[in-house]
Amino acid sequence: MIGLFLPALLRFLVFDAVWSAPNGDLCRAPGAGACWAFIGQKLPYFTYGSYPLAERWRVDVTLIIGAGLIVWLLWLDASRRLTAAILFFGVYPILSFILLHGAPWAGLPRVDSDLWGGIFVSLLVAIVGIVVSLPLGNSPRARASFGLARAQHRLRELHRDRARRPDDHGPVHG
């Protein structure tokens, strides 16, 4: 399957690609492949959205801290992983909000969330989703509800099995 698409994909992405262009005309020419000149020109926007240029260091610091904490948590032989978990699940979300949104009391100008965008917002949403869902998914209540769902499934299967045997339990229903 890959053999069918790989030549065309390579032709589009590499061989027929436009690597540099003074404007978009070369990218729109017939037979032109991927417009890497455009991607290179717009990469900062794809990464940061409309986040103010002078404040983009805050996004970088937030992502670097998050990546460091994730590596620390996933490194099985690392010492003090409990500290890493507390920092990642407790301190990091608050620190990220302060860094990204701003805190005049800390000398960080406020940046409205409508200026946030790009890859960093996708990563932020993913990280927040993981941070919130992991503790909730591992809670005793979540495990209990999973157990309840499993019991309900077993009861349905038992009912279906009995309904299939008319000689033991009366006529077949539905």
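Hi everyone, thanks for coming. A word on ground rules before the details. Residues are numbered from 1 along each chain as its sequence is written, and side-chain values use heavy atoms, with hydrogens and water left out. As this is a predicted model, local features need pLDDT of at least 70 and side-chain atom pairs count only at pLDDT 80 or more, while totals for chains, interfaces and linings use all residues.

Let's start with the disulfide, meaning a pair of cysteine sulfur atoms within 2.5 Å. The count comes to one disulfide. C27 and C35 form it, with their sulfur atoms 1.8 Å apart. The torsion about the S-S bond of C27 and C35 is about 55 degrees, so this disulfide is right-handed. Are these cysteines buried or exposed? Both C27 and C35 are buried; here buried means under 20% relative accessible area, exposed over 50%, and partly exposed in between, using a 1.4 Å probe and protein chains only.

Next, the salt bridges, where a side-chain nitrogen of Lys or Arg lies within 4 Å of a carboxyl oxygen of Asp or Glu. There are three of them. D25 pairs with R28 at 3.3 Å, N to O, and these two residues are exposed. E55 and R58 have their closest N and O atoms 2.7 Å apart, and here both partners are buried. The last pair to show you is R110 with D112, at 2.9 Å, N to O. R110 is exposed, with a relative accessible area of 55%, whereas D112 is partly exposed at 35%.

Now to the rings. Phe, Tyr and Trp rings (for Trp, the six-membered one) pair if their centres lie within 6.5 Å; planes under 30 degrees apart count as stacked, over 60 as edge-to-face, and the rest as tilted. The structure holds six aromatic pairs. One of these joins W116 and F120, a tilted pair with 6.0 Å centre to centre and 45 degrees between the planes. Both W116 and F120 are buried. Ring pairs also bring in Y51, linking Y51, W116 and F120 into a cluster.

On a 1 Å grid over the protein atoms alone, a cavity is a set of points where a 1.4 Å probe fits but cannot get out, and lining residues have an atom within 4 Å of a point. Grid points are joined across faces, edges and corners, and a volume is the space filled by probe spheres set on the points. How many cavities of 30 Å³ or more are there? The count is one, and the largest cavity holds about 40 Å³ of space. Its lining is made of V59, T62, L63, Y92, L100, F120, L124 and I127. The elements giving two or more residues to that lining are α3 (56-74), α4 (81-101) and α5 (118-137). These helices are DSSP runs (H or I, at least four residues), numbered from the N terminus. By class, the lining has seven nonpolar, one polar and no charged residues.

Finally, a backbone detail. Most residues other than glycine have a negative phi. R80, however, has a positive phi of about 55 degrees although it is not a glycine. R80 sits in the loop between α3 and α4, and R80 is exposed, with a relative accessible area of 65%.

That's my tour, and I'm happy to take questions.

Note on methods: On a 1 Å grid over the protein atoms alone, a cavity is a set of points where a 1.4 Å probe fits but cannot get out, and a pocket is an open set with protein on both sides within 12 Å along at least five of seven lines; lining residues have an atom within 4 Å of a point. Ala, Val, Leu, Ile, Met, Phe, Trp, Tyr, Cys and Pro count as nonpolar, Asp, Glu, Lys and Arg as charged, and the others, Gly among them, as polar.
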